[in-house]
Amino acid sequence: MNPARLEFDAATATARAAGDWRVRDPDLARIAPLPEGAVRVLDGSGITALDTGGAWKLIASTVAQGDPGQLTLSGFGAPQRAILDLVIRHYGATRGAVGGRPPGLLAQFGRGALAVWRDLVGLLDFMGRLSVEWLALLRQPGRFRWRELGAQTQTIFVNAIPLAVMMLFLLGVVFAYLMGVQAQKYGANIFVVDGVAMAVTRELSPVIVAILVAGRSGAAITAQIGTMKVTEEIDAIATLGLSPWLVLVMPRIIALLVALPLLVFLGDVAGIFGGLVIAEHQLDISPSMFVDRLDSVLEPKFVWVGLAKAPVFAAFIGLIACRMGFAARRDARSVGENTTSTVVQSIVAVIILNAIFAIVLDYLGI
Amino acid sequence: MASETVLDVRDLATTLGGKTIHRGVTLSVARGEVVALIGGSGSGKSVLLREIIGLIRPAAGTITLLGEPVWPLLPERMARLRQRFGVLFQDGALFSSLTVEQNVATPLREHTRLAPADCLRLARLKLALVGLPADAAGKMPSELSGGMRKRVALARALALDPELLFLDEPTSGLDPVSARAFDRLLRLLADSLGLTVFLVTHDLDTLLSITDRAIVLADGRVLGAGTLDALKRIDDAWLAAYLSARANEGR
């Protein structure tokens with residue numbers, strides 16, 4: 001190892017470089033730049049090794065933003081001279097500002113607002129196109145892809161059952177337990193049944209299942225369609241005379257519309273069962289008492305309201321997920337960003353829609 | 001320094017998924033050479049390249065790269081060895097989340113102690129060396145054409161001033177004009193920077209215009225090596241068809 005050195009002789013305006021000037025040598029970073037405009041002669045007789053990275057550092061340290069063409073070079077061997085000439089010829093490209101300032105708060109806010117606006121417009125555009133495709137399908141119902149619908153229902157509904165049931169069971173347990181702690185103080189144990197039944201069927205099961213499906217299937221749909229776009233599979237589908245809407249979008253959205261109410265119903269059962277287990281162990285309510293009470297307080301309309309929300313959530317999850325998949329650009333980062341965006345948008349949509357449902361249903365007195 | 005061996009492969013055998021790919025490949029490359037590895041589809045060219053750069057482990061045989069045995073090699077020594085050679089992958093393999101200049105600056109930031117601003121400036125120098133316009137530096141890889149992407153990938157492969165450059169199908173997917181321009185660029189850089197270049201190619205024009213020597217891989221072995229005239233004397237149906245492919249195209 002022969003560390004790179006750079007010495008300046010002010011009397012002759014000569015910079016003398018010596019040692020190994022190679023980009024990987026750690027000593028290279030320690031070279032201090034000489035004052036700009038001071039060097040007129042660059043002497044390289046002491047240089048033992050030189051590569052383009054080292055040559056660039058040598059030039060940058062001697063002339064900084066100046067013109068390396070003005071330098072008089074001396075003492076360089078022929079191969080080193082060739083590398084140095086190559087670097088000097090292209091040195092102009094390396095001048096100028098490096099790396100912009102990160103955008104300020106206001107700019108970020110503006111960009112964020114613009115992104116939200118674009119997503120909304122994009123979603124509306126997507127819904128319009130999809131409506132036209134539905135009409136086209138109505139005229140030729142035979143073109144529907146039943147096999148694809150079956151495959152999608154398998155992944156979106158059947159494979160999600162264990163997870164949905166387990167989550168709602170645990171939520172039923174926690175909910176009944178926390179309510180039981182309060183109810184016990186007033187000797188109102190039996191009302192836990194009312195609370196669990198209403199909360200699970202009307203709010204918890206639809207919202208939690210929708211969020212679960214948004215994270216699980218929504219992300220999968222965006223990632224899959226986005227990757228198909230990267231590999232030009234979507235173009236291939238169109239070229240083969242098939243409609244990407246028919247092959248990709250409609251089966252997925254219908255599978256979601258079918259899957260979500262069914263999952264919500266299973267979630268209702270699991271959540272109430274969770275409440276039943278806690279009621280027996282903590283509140284001394286026997287299963288038969290629980291079921292008896294359930295029978296008298298759980299109005300069918302609560303269950304229907306919960307089940308009616310599910311397809312609305314499903315439609316939005318499907319629309320957002322398919323649209324973000326098609327909106328992906330042809331690179332890995334874009335697919336990743338859109339997948340994240342799908343999950344965020346779907347969950348926000350589910351929560352907003354649920355709030356709208358609550359207000360409207362209250363207004364209608366249901 | 002003349003004819004110092006930088007790459008030496010001896011009796012290499014490879015089995016992937018129960019299929020024998022190489023049965024005794026032996027070849028060597030001297031410093032400063034531009035050598036092409038040719039062979040039919042499925043002859044194991046890309047696999048051989050991946051074994052040489054330490055991505056796939058061969059079943060038997062030795063690979064010596066820049067004086068170091070590649071298999072087995074301790075991870076930290078392999079990491080140091082990897083800084084001494086550059087690889088250009090078939091589709092460029094640029095990082096899609098980084099701009100062009102950040103892509104080229106990545107190896108510099110990881111393996112040198114230069115300041116971040118210096119890394120970016122040096123990246124711009126490399127981009128200029130491979131003939132890209134200055135306004136390309138701030139673009140994202142997805143905004144570039146295939147030929148420009150290859151050039152960026154070449155700039156990244158050259159970032160650490162490697163002694164040895166590996167190229168996998170450097171001109172595939174390029175139109176003939178861009179491909180020839182890329183060939184000329186490779187030869188120019190190889191000559192001016194004193195690089196040793198080892199490339200896997202199908203492109204007969206690349207073979208004819210820039211390489212010093214070609215190695216033919218067939219049937220899991222090295223069928224022959226040498227200049228084009230030497231290859232023409234080898235009696236092999238595939239090779240004869242390959243070398244006459246261009247003559248037929250002209251008619």
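In strand β9 of chain B, Val216(B) is the bridge partner of Ile38(B). Ile38(B) belongs to strand β3 (residues 34-38) of chain B, in which five of the five residues are buried, so β3(B) is largely enclosed by the rest of the structure. The model is predicted: local features require pLDDT of at least 70 and side-chain atom pairs count only at pLDDT 80 or more, whereas totals for chains, interfaces and linings use all residues. Residues are numbered from 1 along each chain as its sequence is written, chains are lettered from A and ligands numbered from 1 in the order in which they are written, and side-chain values use heavy atoms, with hydrogens and water left out.

- Helices (H or I, at least four residues) and strands (E, at least two) are DSSP runs, numbered from the N terminus.
- Two strands are said to pair if DSSP finds at least two bridges between them.
- β3(B) and strand β9 (residues 213-218) of chain B pair in the parallel sense over four bridges.
- Four bridges also join β3(B) to strand β8 (residues 196-200) of chain B, and these two strands run parallel. Within this pairing, Leu199(B) of β8(B) stands opposite Ala36(B).
- In a regular strand the side chains alternate between the two faces of the sheet.
- Both faces of β3(B) are covered: Val34(B), Ala36(B) and Ile38(B) are buried on one side, and Val35(B) and Leu37(B) are buried on the other.
- The term buried means under 20% relative accessible area, exposed means over 50%, and partly exposed lies in between (1.4 Å probe, protein chains only).

**The antiparallel sheet of chain B**

- Strands of a sheet pair through backbone hydrogen bonds, either parallel or antiparallel.
- Chain B has an open sheet of four strands in the order β2-β1-β4-β5, with antiparallel pairing.
- β2 (19-30) and β5 (68-69) of chain B stand at the edges of this sheet; each has a single partner strand, so one side of each is left without a neighbour in the sheet.
- Strand β1 (residues 5-16) of chain B is joined to β2(B) by nine bridges, and the two run antiparallel. In this pairing, Thr14(B) stands opposite His22(B) of β2(B).

- Chain B contains nine helices and 10 strands, while chain A contains 11 helices and four strands.
- Of the 251 residues in chain B, 54% are buried; of the 366 residues of chain A, 45% count as buried.
- Contact means heavy atoms within 4.5 Å.
- In chain B, residues 24 or more positions apart account for 66% of the contacts with a separation of 6 or more. In chain A, 80% of the contacts between residues at least 6 apart in sequence join residues at least 24 apart.

- Thr62(A) lies in helix α1 of chain A and counts as buried, at 1% relative accessibility.
- A polar contact is a pair of N or O atoms within 3.5 Å; within protein, one must be able to donate a hydrogen and the other to accept it, and residues adjacent in sequence count only if both atoms are side-chain atoms.
- A polar atom of the side chain of Thr62(A) lies 2.9 Å from the backbone oxygen of Leu58(A), and the side chain of Thr62(A) reaches the backbone oxygen of Ile59(A) at 3.0 Å.
- Beyond its neighbours within four places in sequence, Thr62(A) is in contact with residues including Leu6(A), Ala15(A) and Leu71(A).
- Arg16(A), in strand β2 (residues 14-21) of chain A, counts as partly exposed at 40% relative accessibility.
- Leaving aside neighbours within four places in sequence, the contacts of Arg16(A) include Glu7(A), Asp9(A) and Asp43(A).

**The interface of chain A and chain B**

- At the interface, 26 residues of chain A are in contact with 27 residues of chain B.
- The area buried between the two chains is about 2,400 Å², of which carbon and sulfur atoms give 64%. Buried area is the accessible area (1.4 Å probe) that two parts lose on being put together, summed over both.
- The rule finds one salt bridge across the interface, where a salt bridge is a side-chain nitrogen of Lys or Arg within 4 Å of a carboxyl oxygen of Asp or Glu.
- Lys57(A) forms a salt bridge with Asp118(B), and the closest N and O atoms are 3.2 Å apart.
- Elements giving two or more residues to the side of chain A that touches chain B are α1 (52-63), α2 (78-89) and α11 (332-364) of chain A.
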